[in-house]
Each structure stands twice: as structure tokens, then as C-alpha cells.
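Reader: I would like to go through this model with you. Let us take each label and ask what stands behind it.

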Amino acid sequence: MPCDDMCGHQDSKLTAHGEPIEEAAASVCLKSPDQIIAVGVNCGHPETVVPLIKQMNNIDRDFIAYPNAGVTWDAEKQIFDSQGQSITSFIHSYIDTGIKYIGGCCHVGPDQIRAIRDIIDRYSS
Ligand SMILES: [Zn+2]
């Protein structure tokens, strides 16, 4: 079954487990070359998406990004630090970076998803 490989990340270079993201993505693609159709990042700050995807530009797969709304997880308190912000201002840079699948994770609700869809549709036409 085709699937994507999504990495959580701790900053704009490393996965949540501390590996360089391009090494983690390449490793998964090597293990399942016929099954991985896209690689990307999820639930990180929207500002980290483009640098992370650019690090993976030698990987021959589509790219996918589901950032959160710019919130930070406080592991000690088990809460996000805020309600976040709109991620729509980042969408053009994601498209220009070659990201094919764009969505949202924590604190990105239906209104933002609709706005992202509208931006993509306008940008594509
Ligand atoms: Zn999330």
C-alpha cells in the first residue's frame, strides 16, 4: 500500500529523535522503495517547513507538509503554549518549494484548511 513518511521534528534540521531529517527520510525510502510515495514533515512550526523540505531535495519523492499553527508543545505541562496563528501566509513558499500535499496539524482548524485550499486553487490557476 502506498504511503507517506512524515517526520516530527525538533527544529529546522533534525527529527524529533535527533536525526538529520534527510537521513531519516532516505532510510525509510530505501527500506520500502515501492511503497513510499511522499516524504515530509508534520506538527512543527510553519517556519521550519521550507528549510526541512529543502534538506530532503535529493530524495526522489513527492513532498508533504502538515505544520501546526506555530505552537510549541510544553512536554512538562503537557499543553501547547498558545492557540497559534494562521499558517496561510506560508502556503506560497510551500508551493514554490515543491510541496505537493499541504495540510495542517495541531491548532489548524477547518477554516484554515479551507483558506489553504483557496490559496492553492488561486495559485494553480
Ligand atoms: Zn500536531
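Reader: Which residues touch the most other members of the largest nonpolar core?

Author: This is a predicted model. Val49, Ile53, Ala65, Tyr94 and Ile99 touch the most other members of that core, which has 24 residues. Two or more residues each come from helix 1 (21-31), strand 2 (36-42), helix 2 (49-55), strand 3 (62-66), helix 3 (91-96) and strand 6 (99-102).

Reader: What does Tyr94 touch, not counting residues up to four places away in sequence?

Author: Tyr94 touches Val49, Val50, Ala65, Ile99 and Ile102. Contact here takes C-beta atoms within 7 Å.

Reader: Why is Cys43 called partly exposed?

Author: Buried takes 20 or more C-beta neighbours within 10 Å, and exposed takes 12 or fewer. Cys43 has 19 inside 10 Å, so Cys43 counts as partly exposed. Cys43 is in the loop between strand 2 and helix 2.

Reader: Why does Cys106 count as partly exposed?

Author: The cut-offs are again 20 or more for buried and 12 or fewer for exposed. Cys106 has 16 C-beta neighbours inside 10 Å, so partly exposed is the label. Cys106 is in the loop between strand 6 and helix 4 (110-124).

Reader: Which residues are in contact with Cys106, leaving aside neighbours within four places in sequence?

Author: Cys106 is in contact with Cys43, Asn68, Ala69, Val71 and Phe80.

Reader: Which residues does the UniProt annotation "binding site" cover?

Author: The unreviewed UniProt entry puts that annotation on Cys43, Cys105 and Cys106. They are spread over 64 residues of sequence, yet they cluster in space. The largest C-alpha distance among them is 6.4 Å. Such an annotation may be inferred rather than shown by experiment.

Reader: Why does the radius of gyration of the chain agree with a compact globule?

Author: A compact globule of 125 residues would have a radius of gyration near 14 Å. The chain has 14 Å, so the two agree. Along its principal axes, the C-alpha trace spans about 45 × 40 × 25 Å.

Reader: How many of the contacts join residues at least 24 apart?

Author: The share is 63%, counted among contacts between residues at least 6 apart in sequence. Buried residues make up 28% of the chain's 125 residues.

Reader: What pattern does the chain follow along the sequence?

Author: The order is β-α-β-α-β-β-β-α-β-α. That comes to four helices and six strands.

How values were computed. Residues are numbered from 1 along each chain as its sequence is written. This is a predicted model: local features need pLDDT of at least 70, side-chain atom pairs count only at pLDDT 80 or more; totals for chains, interfaces and linings use all residues. The radius of gyration is taken over C-alpha atoms; the globule rule is 2.2 Å times the number of residues to the power 0.38. Two residues are in contact if their C-beta atoms, placed from the backbone, lie within 7 Å. A nonpolar core is a set of buried Ala, Val, Leu, Ile, Met, Phe, Trp, Tyr and Cys residues joined through C-beta atoms within 7 Å.
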